[in-house]
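Here's a walk through a two-chain model, written for someone who likes cut-offs spelled out. Have a look at the sequence and structure first.

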Amino acid sequence: MSIDVKMAWRNLWRNPRRSILTILAISFASLLLVFMLSWQFGSYETMIDSAVKIHTGHLQVQAKGYNDKKGIRMVVSDPAAVGNILNNTPEVAAYTYRANAFSLVSSKERTYGVVVVGIDPVREAGVSTLKKLIRQGSYLSEGDTDQALVGALLARNLKVGLGDELVVLGQGRDGSVAATVVKVKGIYRSGQDDFDRSSIQIPLKNFQDIYSMRGAVHEVVALGKSLEYVSEIKMAVAAGVEDIGNKGHLVVLDWMELMPGLIEAIQMDLYSGFIFYLILIVVVAFSILNTFLMAIFERTREFGVLLAIGTTPGRLSKLLLIESTIMAIAGIVFGIILGSLLTWYFQVHGIVISGTSELMRQFGLPERIYPQLSILSASIGPAAVLFITFLTALYPALKVRRFRPVEAMTAI
Amino acid sequence: MHLQLAWRNIWRNPKRTAVIMTAIIIGVWSMIFLGALMRGISEGMVRNGISTLTGHIQVHHRGYRNDPVIENSMTDPEVVETALRETLPDGAQWTSRVRVNAVASNARHTAGVTFVGIDPAHEAGISFIGKAVTEGRYLRDDDKNGIVVGRALVDKFETGLGRKIIMMSQDTDREVASRAFRIVGIFKAEMQATEKQFVFVTKEAAQHMLKLKNGISEMSVILPDQKEVRHAADNVSAALPSADYEVQTWRELLPLITAILNIYDGFMYIWFVVVFIAMGFGIVNTTLMAVFERIREFGLFKSLGMKPMWIIREVLAESFFILLIGTTIGNILSFLSVFALSGNGIDLSALASGLEYAGMSRIIYPAIYSHDVIIANLVVFILGLLVSVYPAVKAARFTPVEALTHA
């Protein structure tokens with residue numbers, strides 16, 4: 001190896017300007033890809049995390065069909081049994097029970113149709129961010145019965161404040177009329193308008209009494225220790241649910257099934273990103289193809305001499321490939337370092353795109369976005385660049401094989 | 001003469017010229033084509049937003065936007081109609097609606113919906129509903145208890161044409177008013193959320209149920225030319241007493257779409273610059289090599305008395321030709337590809353729920369905006385010439401003697 005590499009190295013520095021420009025072009029592409037991918041991955045993680053923590057949890061056990069129809073009769077009749085399975089699944093960080101019923105909620109002046117959610121105050125705090133979202137008043141505590149949490153937009157629409165009474169009127173599990181009066185204990189704001197104006201939360205015990213649930217719930221919501229464990233937990237829980245004899249009645253749904261829009265939106269963003277990146281890499285490839293090509297035309301004489309003194313065409317190609325590989329590697333290493341530094345800077349300080357905070361909030365993103373540097377995000381882009389650069393370098397490297405020593409030596 | 005010289009020079013090494021032109025062509029194509037796609041996406045969003053009961057301009061009773069309830073309705077629609085008639089340009093259309101939150105229920109299901117009372121004939125020209133009914137029929141003026149609901153709601157409620165559905169909402173006396181309607185039509189919309197959210201009855205039926213008399217919730221206007229929106233809204237606003245009415249354009253009514261449009265704008269120009277930088281390295285390098293290859297030639301020119309300025313001009317003229325041909329072909333290709341796709345559009349129905357999450361339409365029709373094309377071309381041209389200045393200056397600095405003795 002040594003002599004070829006040495007020659008390649010020296011050749012590169014015979015025309016430092018050209019080599020540096022080529023290396024810079026490669027670095028630029030790598031830098032951009034590292035940064036953009038880190039950004040995309042970072043925002044996906046935040047989006048998933050916030051959606052999971054506000055809405056669905058990582059996975060849920062529900063009656064079959066409940067997710068589409070939300071019928072009050074489609075229940076998990078023995079929640080404690082499902083809870084036991086989750087207790088025995090080590091990757092589960094926390095779980096809670098919820099029950100939902102669409103009802104009419106009236107204040108003194110207004111009536112709205114909203115979803116009344118029964119929550120277990122203590123368990124809910126471990127699974128969702130609801131407790132942290134309280135902006136006025138306080139969260140439900142364990143002994144509460146006729147207290148409720150209300151979203152900020154709904155509270156505004158209903159014109160209620162803390163301590164005001166709300167009349168709830170709905171239909172129970174057995175078809176009877178479910179009616180009660182609750183007091184507003186806390187007002188929360190998630191920033192996602194849909195969530196903030198469409199539901200009120202009351203203690204699960206109270207919910208089960210009012211809606212004659214006979215101890216049943218609609219959703220058993222679990223949060224894994226992290227996103228990676230979800231499929232593992234899902235398998236374990238699905239097997240456990242089979243065992244408790246609910247043949248085909250209960251289903252285990254993960255967050256992707258519960259929020260199909262979220263995962264598709266992420267895929268779409270990823271695909272469209274890839275189209276942009278691909279075009280960028282192709283443009284860069286053509287930019288450097290020229291450099292590689294010109295370099296061999298300029299050095300036709302030199303190659304003629306090398307061939308004349310007995311260098312095999314294969315070795316010549318190898319020499320050229322080593323040259324381009326050195327440039328490509330130097331370029332992507334430089335690009336990865338710069339890209340990582342740039343990403344790291346923004347990972348610490350965050351990026352604010354002015355005028356977008358309202359939009360970000362609706363997707364559960366904070367106003368300030370923090371890109372997330374990872375081995376994956378720092379390597380995919382540069383790897384693609386390396387691959388394309390190598391392909392580009394093949395063309396001139398193969399072309400020199402066709403040089404004839406005599407003709408080449410007499411070229412200008 | 002030096003233009004001719006430059007033209008001949010770029011063809012002395014056609015392969016080099018062809019490669020760098022390819023880079024420019026792909027760059028320009030990607031700028032304009034992807035720009036057109038993004039414009040297509042955003043136009044789709046805007047079109048969708050406007051036709052989903054927004055319109056270009058809306059007039060409400062003051063306070064309705066923050067608190068869309070029956071108390072905030074306009075009791076005297078004639079005043080608004082007169083103002084619209086006097087201020088709007090010819091060809092503008094408008095319609096009035098009653099629009100309140102309501103609860104829909106049947107024997108098995110209950111859900112919150114937006115209950116909209118429309119004027120069937122006028123509404124058809126303004127929002128999506130006129131063409132969206134796919135089963136049964138659209139509303140007629142004399143439909144006293146007919147209702148048109150979305151496909152998704154019908155599925156959720158396990159009901160169908162001819163079946164009953166009960167609406168409950170608060171009336172002007174703050175009592176809960178309820179009334180049964182019979183489903184006469186089922187509509188399909190771009191978004192499932194729209195199908196679940198809106199139910200339509202005639203304006204008279206809604207007014208009667210809510211004891212509104214002649215009152216309406218909103219007036220929605222479509223202008224013949226979308227560009228006049230701001231101006232028209234100002235005129236309408238001036239013609240109405242501002243204590244009682246608020247006039248808003250779709251940009252204010254759909255803040256999220258407006259925010260997305262702004263992001264797209266910014267992103268597009270960043271993309272232009274990024275692609276240019278990628279091309280720029282190639283342009284500089286190619287021009288540099290072209291210059292160094294011809295050191296002797298430039299030395300000769302100089303010793304024959306050519307001024308350094310002329311050499312700079314000569315090198316820049318070569319870049320100019322390469323850029324000119326590259327951008328021209330790039331433009332032609334991008335127009336052709338946009339044209340090829342604009343007939344049927346790009347159908348992304350496979351990703352329907354993702355599109356819905358992001359608020360995009362299912363079919364994207366790429367749209368070329370002249371100012372995007374101009375900016376893309378200017379970026380390539382001006383920056384392309386600027387980066388060629390460096391090699392050009394290098395060429396002008398060769399001293400004749402050194403250059404002539406160069407190998």
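Predicted model: local features only at pLDDT ≥ 70, side-chain atom pairs only at ≥ 80, totals over all residues.

What follows goes from confidence to domains, then the interface, and ends with some local details.

## Ground rules and confidence

Residues are numbered from 1 along each chain as its sequence is written, while chains are lettered from A and ligands numbered from 1 in the order in which they are written.

The model scores ipTM 0.77 and pTM 0.81. On pLDDT (the predictor's confidence in each residue, from 0 to 100), chain A averages 87, with 98% of its residues at 70 or more. Chain B averages 88, and 99% of its residues score at least 70. Helices (H or I, at least four residues) and strands (E, at least two) are DSSP runs, numbered from the N terminus.

## Domains

The domain bounds here come from an automatic or database domain assignment. Chain A splits into domain 1 (2-51 + 262-410) and domain 2 (65-248), and the centres of these two, taken over C-alpha atoms, sit 50 Å apart. Contact between them involves 4 residues of domain 1 of chain A and 4 residues of domain 2 of chain A, where contact means that the C-beta atoms, placed from the backbone, lie within 7 Å. The domain 1 side of that contact in chain A has 1 nonpolar, 2 polar and 1 charged residues. For those classes, Ala, Val, Leu, Ile, Met, Phe, Trp, Tyr, Cys and Pro count as nonpolar, Asp, Glu, Lys and Arg as charged, and the others, Gly among them, as polar.

## Where the chains meet

At the interface, 47 residues of chain B are in contact with 47 residues of chain A. On the chain B side, the elements giving two or more residues are helix H2 (14-51), strand E2 (93-105), strand E3 (110-118), helix H11 (255-293) and helix H14 (352-358) of chain B. H11(B) brings the largest share, 20 residues. By class, the chain B side divides into 27 nonpolar, 13 polar and 7 charged residues.

## A covered strand in chain B

How many residues of strand E8 (residues 198-202) of chain B are buried? In E8(B), 5 of its 5 residues are. The burial scale counts other C-beta atoms, placed from the backbone, within 10 Å of a residue's own: 20 or more is buried, 12 or fewer is exposed, and in between is partly exposed.

Two strands pair if DSSP finds at least two bridges between them. E3(B) and E8(B) pair in the parallel sense over 5 bridges, with B:Gly117 bridged to B:Val201. Strand E5 (residues 146-150) of chain B pairs with E8(B) in the antiparallel sense over 2 bridges, and there B:Val149 has B:Val199 as its bridge partner.

In helix H12 (residues 295-303) of chain B, the buried residues are B:Phe298, B:Phe301 and B:Lys302. They line one face of the helix, because seen down the axis of H12(B) they fall within an arc of 95° (the arc of the directions from the helix axis to the C-beta atoms). These buried residues pack against helix H13 (308-342), helix H15 (370-397) and helix H16 (400-405) of chain B. After H12(B) comes B:Gly305, with a positive phi near 105°.

B:Glu158 also has a positive phi, near 50°, and is not a glycine. B:Glu158 sits in the loop between helix H6 (151-157) and strand E6 (164-170) of chain B, and is partly exposed, with 13 other C-beta atoms within 10 Å. For B:Lys211, phi is about 55°; B:Lys211 lies in the loop between helix H8 (203-210) and strand E9 (218-222) of chain B.

Note on methods: Contact = placed C-beta atoms within 7 Å.
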